[in-house]
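Please work through the following exercises with the model open beside you. Each task is followed by a solution that goes step by step.

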Amino acid sequence: MTQLPRLHWSTLGDDTGGLEHRWAALWNISVDRGSAPALAPKDVDLWVISAKGAWPPPELNRMMAEVAALPILLGLKPDAAPMDPKALSEWGSLGSVRWGLLGPEPPMPGLRPRSGTTTQLSASQALAFGLVGTSAAMQDVLARARAAAATRATVLLLGESGTGKEVIARAIHRMSADSTEPFVAVHCGAIPENLLESELFGYNKGAFTDARKDTPGKFREAHGGTIFLDEVGTMPLGAQVRLLRVLQEREVQPLGGGAPVKVEVRVVTASNVDLWKKVQDGSFREDLFYRLEVVPITLPPLRARKEEVPFLAQHFLNRKAREHGLYPKALHPSVDPLLMSLPWPGNVRQLENAIERAIVLSGTRPVLTREDFAFLAERMAEAPSTETSAVPFTPMAADAFAPAPAQAFGMDLPAEGLDLNQVVSDMEKTLMLQSLAITRGNKKRAADLLGLKRTTFLEKMKRLDLEDSEATEAAE
């Protein structure tokens, strides 16, 4: 028996009119009748969403970064009032979607070609890439990346150095239907000008003095997948002409002659300089610029999304500890506001390096404090302001990195006396809560901070009525 493709219908509270039964001949259908949409299951082949109103629900915008290349059909009732252009634009901004009428005729399978199972970019996978999508700016970046991944459109990534342009390029490849094909990264600025063309487009034996054998070049290596050209603004004019031909004809001409070779490849380029200014000064071809700027994605600097800093810091903390074979460390709660207040001129790359340095130099201490980041004080104080900064920065004094003063427990005995057992119990409770906050709920490491065995720590939690929920226990 042939297995039917699966369709998931989010009605947003509308009556289906029994259409799901009429469509059952072509589809295995599941219906989400809630007014607030739920994310479509992972094995769905088509997601139908009833489109109504001027704006899609906010939940849908947040879900778009999760669904990768899943075809989406926005359905309108035949008798519905026409949408105005603004409403159409708002719904269309969900990503690479199609429109259709909800009627007796079922949607046709194969709305958008798919090559096998596409890899979805979930929130946890985004963090594994070093990406965090909590800010509105990064939500827009992830939504554009998801939309681009559903096609083979050329993508131009713009942003300051260290903002994660290659990470986004890899995410686009990972979300695409061609995720199992090659991903080839080329850093154009690191290759001498006289070698760049042969590196990219290949060459035939005898094309030049050291050409002892035929070499395919990076474009042919990336055939079927994605090629990422970083620092494309440094490319010499001769190589720009050849790149333009590849984008126009989808074929490469190896150095040394011979027939052109067809290539099917997604091209993602990146630049940390304003390419339009380079067009105006004559160092970058205008026709190539328009070919590259099909899907532009601008990555915001880290200072413009400071709310993501604690999540990125914790991610790098765990990853770098594993890389160096060290016992996992924790960040003291006072470190988060400090890191969020810094301008990070080197962006995510600088934050990653700062976390790694603090881990290595902290020795065997299990908790990183503000003092471990004191090396940033002088550099940050001298950091020049930038016009693109979205967060005002006032240079900080070095003592801002000093450890927070410990809470004092000294007290005078009141005239009427006190309950010593209660005071000791309160002190224990305060210290245990602080240790759990520092270790972000990891009871084994919290016990280590207090010099206790884990079993003793758990007994005290029970006695002091600090037992956490089953979810926290499971997460540990």
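**Exercise 1.** Determine which strands helix α6 lies across, and at what angle α6 runs to β7.

*Solution.* Helix α6 lies across β6, β7, β8 (226-230), β11 (266-271) and β12, where contact means heavy atoms within 4.5 Å. The helix runs at about 160° to β7, with angles taken from 0 to 180 degrees between N-to-C directions and axes fitted as lines to C-alpha atoms, for helices over the stretch in contact. Helices (H or I, at least four residues) and strands (E, at least two) are DSSP runs, numbered from the N terminus.

Before going on, note that this is a predicted model, in which local features need pLDDT of at least 70 and side-chain atom pairs count only at pLDDT 80 or more, while totals for chains, interfaces and linings use all residues. Residues are numbered from 1 along each chain as its sequence is written, and side-chain values use heavy atoms, with hydrogens and water left out.

**Exercise 2.** Describe the order and pairing of the strands in the open sheet.

*Solution.* The open sheet has five strands in the order β7-β8-β11-β6-β12, with parallel pairing; two strands pair if DSSP finds at least two bridges between them. Its edge strands are β7 (183-187) and β12 (295-298), each of which pairs on one side only. Neighbouring strands are turned against each other by 15° on average, direction ignored.

**Exercise 3.** Work out how helices α5 and α6 pack, and which residues meet.

*Solution.* Helix α5 (residues 136-149) and helix α6 (residues 165-175) pack at an angle of about 45°, with their axes 8 Å apart. This angle makes α5 oblique to α6, because angles under 35 degrees count as roughly parallel, over 145 as roughly antiparallel, 65 to 115 as roughly perpendicular and the rest as oblique. On the α5 side, Val-141, Ala-145, Arg-146 and Ala-149 meet Ile-168, Ile-172 and Met-175 in α6.

**Exercise 4.** Find where Trp-344 and Asn-347 are placed, and decide whether each is buried or exposed.

*Solution.* Trp-344 is in the loop between α13 (335-341) and α14 (347-361), and its phi is near 50°, a positive value in a residue other than glycine. Asn-347 is found in helix α14, with phi near 60°, which is again positive in a residue other than glycine. Trp-344 is buried, with a relative accessible area of 0%, and Asn-347 is buried at 0% relative accessibility, where buried means under 20% relative accessible area, exposed over 50% and partly exposed in between (1.4 Å probe, protein chains only).
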